Amino acid sequence: MRKKIVAGNWKMNLSLEEAKTLGDGLKAEMDQNKELFVDGAGSNTPEVVIFPPYVYLTGMIDLFKHHDGVSVGAQNCHHEESGAFTGEVAASMIRSVGASHVIIGHSERRSQFGEGDKLLAEKLKLALKNDLTPVYCCGEQLPEREAGQHFQVVADQLEQGVLWMEKDQAERVVIAYEPVWAIGTGKTASPDQAQEMHAHIRKLIRDSYGEQVAENISILYGGSCNAKNAGELFANPDVDGGLIGGASLKVEDFFTIIKRRKENG
Ligand code: PEP
């Protein structure tokens, strides 16, 4: 059974004090609502993954180390193993501090840092080699959707990013569908738009790897998902959770989204 996941991408936000306050607040909510997160048979308990900036990784890993339901990941990694890459961070380093996930191919990395498919494939290889779970982001720009090209754009991104992998690698990837026009804009994909794209992604996985991998792979929605709209997005059969930006910076909002994921098992 595939995992339900609610992931918080903090991006380049928060001072150390603010990050601690957010982490502490989230931990307190998780502790006070333990009954929501007790696994039962066929559990729909969501895994929570937070993606703080690199410098706060170890602090958050320490904070949540006794919390089974919360994992910590990095927002990016470099595409080489190691070497003279001033200012960069390797997948092996991220793993060595105890992080479990890494976001790869976020649209902000693609557009602001010119990260293309070939480079992203190198990052994915290193993430898998270092036992990290990659959260691979895909999604179309607004003009591409308006031109009716969105299914093809996402298919191409998956082809380059995931569909070349061996089956045992592909099933370790989490996919995040994030229409670029919805990220940080307050415009969310409608539940129908999200469902049809997630079903399309699952079909592409099924065509390449068969039913079992398609059924087991988690596909998250990202793009202005918030405490108000999370419930209707998560009610769709192929939406397995969310990658949350802005709303992950507020304890109450993020925790409400976690609850919505649980309710829509
Ligand atoms: C994101 O950056 O991955 C994201 C989904 O951001 P927001 O929720 O703020 O749109």
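Is Met12 buried or exposed? Met12 counts as exposed, at 80% relative accessibility, where exposed means over 50% relative accessible area, buried under 20%, and partly exposed in between (1.4 Å probe, protein chains only). Before the close-ups, some housekeeping: this is a predicted model, so local features need pLDDT of at least 70 and side-chain atom pairs count only at pLDDT 80 or more, while totals for chains, interfaces and linings use all residues. Residues are numbered from 1 along each chain as its sequence is written, and side-chain values use heavy atoms, with hydrogens and water left out.

**View 1. Met12 and its loop.** Met12 sits in the loop between strand 1 and helix 1; helices (H or I, at least four residues) and strands (E, at least two) are DSSP runs, numbered from the N terminus. Lys11 belongs to the loop between strand 1 (5-9) and helix 1 (16-32).

**View 2. The ligand and its surroundings.** The ligand is surrounded by 14 residues, and the closest are Lys11, His106, Glu178, Gly184 and Ser224; a residue counts as near if one of its heavy atoms lies within 4 Å. Ser224 uses a backbone N or O atom instead, 2.8 Å from an oxygen of the ligand. On its own the ligand has 300 Å² of accessible area, and the protein covers 95% of that (Shrake-Rupley method, 1.4 Å probe; for residues, only the protein chains shown count as cover).

**View 3. Backbone angles at Lys11 and Ser224.** Most residues other than glycine have a negative phi. Lys11 has a positive one, near 50°. Ser224, not a glycine either, has a positive phi of about 55°. Ser224 lies in the loop between strand 7 (219-222) and helix 11 (230-234). Why does Ser224 count as buried? Its relative accessible area is 18%, and the cut-off for buried is under 20%.

**View 4. Helix 5 and its packing.** Helix 5 (residues 117-129) has 13 residues and reaches 18 Å from first C-alpha to last, close to the 18 Å expected; the expected span is 1.5 Å times one less than the number of residues. Its buried residues include Leu120, Leu124 and Leu128. The buried residues of helix 5 pack against several elements, among them strand 5 (133-138) and helix 7 (150-161). After the helix comes Asp131, with a positive phi near 65°.

**View 5. The nonpolar cores.** A nonpolar core is a set of buried Ala, Val, Leu, Ile, Met, Phe, Trp, Tyr and Cys residues joined through side-chain atoms within 4.5 Å. The largest has 66 residues, and those with the most contacts inside it are Leu158, Ile175, Ile201, Ile205 and Tyr221. Helix 9 (residues 191-209) gives the most to this core, with 6 residues. A second, separate core of 11 residues includes Ile5, Phe51, Cys137 and Leu243.

Terms used: Contact means heavy atoms within 4.5 Å. A polar contact is a pair of N or O atoms within 3.5 Å; within protein, one must be able to donate a hydrogen and the other to accept it, and residues adjacent in sequence count only if both atoms are side-chain atoms.
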